[in-house]
Each structure stands twice: as C-alpha cells, then as structure tokens.
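Hi everyone, thanks for making time.

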Amino acid sequence: MTAQNSATAPERIAVATRPTRPSASGTLQAVLGVVAFSLTFPATAWGLEGFGPWSLVAVRSVLAALIAGACLLATGARVPERHSWPGLAVVAAGVVVGFPLLTTLALETSTTAHAAVVVGLLPLTTALFSALRTGHRPSRTFWTAALAGAAAVVAFTVQQSGGALTTADMYLFAALLICAAGYTEGGRLARVMPGWHVVGWALVLCLPLGVPAAALALSYEPVHVTAHSVTGLLWVAAGSQFLGLVVWYRGMAAIGIPKASQLQLAQPLLTLVWSVLLGEHLTAAAPLTAAAVLVCIAVTQRARG
C-alpha cells in the first residue's frame, strides 16, 4: 500500500486543496474545456435533427459512460468509498441526466442563443448552492451582483418570449438548479478524488439505467441518421460530457479555481458565436444580456475573493 493510498481523508483534502502554480499547459487545458462546453448547445441542436430528445440524452449518456468506464479501467482507478456514492448520485442526477435532458427538451423549441444566455447564469447559481451547502456567507456585493444577473436573464427571457415564460424557459431554469446542485456536490467530492473520476463514476453509475432507457427511447422515437445528427451525438457524448470535463478539471487543478472561473466567463459568448456561424439568427438583446451577465459574474468572483 502506497503512502498516498494510506493517507486519511483529511490528509487527502489538504493535499488536494494546496495552491498550485499556474502553468501555460493548465491554462490551455482549461480553455479547451470551455470551448468544448460552449459547443454543447449547437451540437445538441444538430443531434435533434435525427434523434428524439429522449433518445439523444439516453444514447449520449450510454456512450459517455462506456468511454468513462474504459478510461477508469485502463488507469486502474479505485472504486470510490461507500460514503462517496450518495454525492456521486447527486452529480449523476444533476450533471449526467438532469441538465442534458432538460436543456435538450428546451432546445426543441428554443434557439441555442436563447439557451446560452439563460444558462449563462449557471456560475452564479452554482455559487449560491455552494454557499448554502458549505454555510459560507457571501458579501452584500456578491448578492447584489447575483440578483442583477438573474434579473437581466429573466427580463431577457420574458422579452424574447412575448411577455411570458415559455415551457422551454421553464426547462432551462430547472436545468440551472439541478446542474448547480450537481456541480456543487462534484466540487466537494473533487477534494478527495480526481475531478475526472467524479464525472467518470457518475457516468458509470447511470449506465444500468441508461442502457434500457436508450433501447426504450429508440424503439418509440423515430431516428433519421444524418451527418449532422451523428456528429452532434458524438460531440455531446465524447466531447462535452467526458473529454471536455477531463481537460477542464485538469486545467482547474493546475491553475486554480479562481483563474479557471474567469476563463469560463467567455462560455456564453462563445456559444453565441457558434450559433451565428451555424446560421442561426441572433437578436441584439442576446449578446447584450450575455455581456451583462458576464459583468455580474466577474463582480461575484471578485466579491468571493
């Protein structure tokens, strides 16, 4: 048994939370993670051209779980301790199942640009869940900026939806809440195990449900295989849900959470760029609201230190 394996949980937490020296390699990996995440909504829209929403999410989960399981097996990853599994279940419910399903259902009627602006609130929502989970008390500046960002997004959604929230908006707001819970619990678990192991085991945990769900969904929803639909499916499975998270967590470990969080501010704006390049019409309100949310998130980051 190695010294690392014999260390107690508090010792592993202490090692995991030691400050690391920023590196160009770590920054590059974090940037690659942000780029991968920013392509999720356009890729989902492509996938919906050939798959139903339930089929897309179920098959995506199965493919990502198979990739994660193979990597965990190849690297000899240890099975998490029993007390970690409830937290992994929260990560699985929020990040592996809930967020992909709810955003995919929303994208059936919503544009990728609209969804990107709404989900731009995810860092703020995660910060709120983290404060509740850890018992920390953010400053008044933090709460002011968080509420301002939320107000900007709500105003945008109401204006874009003709004065009332649509079903797609409700899916997106629910996705924010459930994903924030998953991110918060995943961040807690990442103190005692590698971050990509958290995602990998959460994906594997969903495999027994994902396989029958995929078979059932594919039997009921029509499938029209096209280059776009297959490319979209492969990207959300391998790129967004696994490889993107791997480089993101590795980059975050190398350069630190505060610096990585600053890089993630560009994610909604990048998604807007991809949506335009893919031929989607962009209203003036979308980039303006995304920029306003970016400013609010930047203020909350500074307020949190």
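Let's begin with F242, which is buried, at a relative accessible area of 2%; buried here means under 20%, exposed is over 50%, and partly exposed is in between, with a 1.4 Å probe and protein chains only. Before I go on: this is a predicted model, where local features need pLDDT of at least 70, side-chain atom pairs count only at pLDDT 80 or more, and totals for chains, interfaces and linings use all residues. Residues are numbered from 1 along each chain as its sequence is written, and side-chain values use heavy atoms, with hydrogens and water left out.

So, how many aromatic pairs does a search of the whole structure find? Two. To pair, rings of Phe, Tyr and Trp (its six-membered ring) need centres within 6.5 Å; planes under 30 degrees apart are stacked, over 60 edge-to-face, and the rest tilted.

Take W85 and W201: the ring centres are 6.1 Å apart and the planes sit at 80°, so we call that edge-to-face. W85 is in helix α6 (residues 85-106) and W201 in helix α11 (residues 195-220), so this pair ties together parts 116 residues apart in sequence. Helices, by the way, are DSSP runs of H or I, at least four residues, numbered from the N terminus. W85 is partly exposed at 26% relative accessible area, while W201 is buried at 12%.

Now back to F242, whose partner is W196: centres 6.2 Å apart, planes at 80°, so edge-to-face. W196 lies in helix α11 and F242 in helix α12 (residues 227-255), so here the parts tied together are 46 residues apart in sequence. W196 is buried too, with 17% relative accessible area.

Last stop, L272, in helix α14 (residues 267-277). L272 is buried, with a relative accessible area of 4%. Which residues does L272 touch, leaving aside neighbours within four places in sequence? The contacts are A113, A116, V117, L282, A286, P287 and A290, where contact means heavy atoms within 4.5 Å. And while L272 and A115 are 157 residues apart in sequence, they're 9.6 Å apart in space, C-alpha to C-alpha.

How values were computed:
Helix = DSSP H or I, 4+ residues; strand = E, 2+ residues; numbered from the N terminus.
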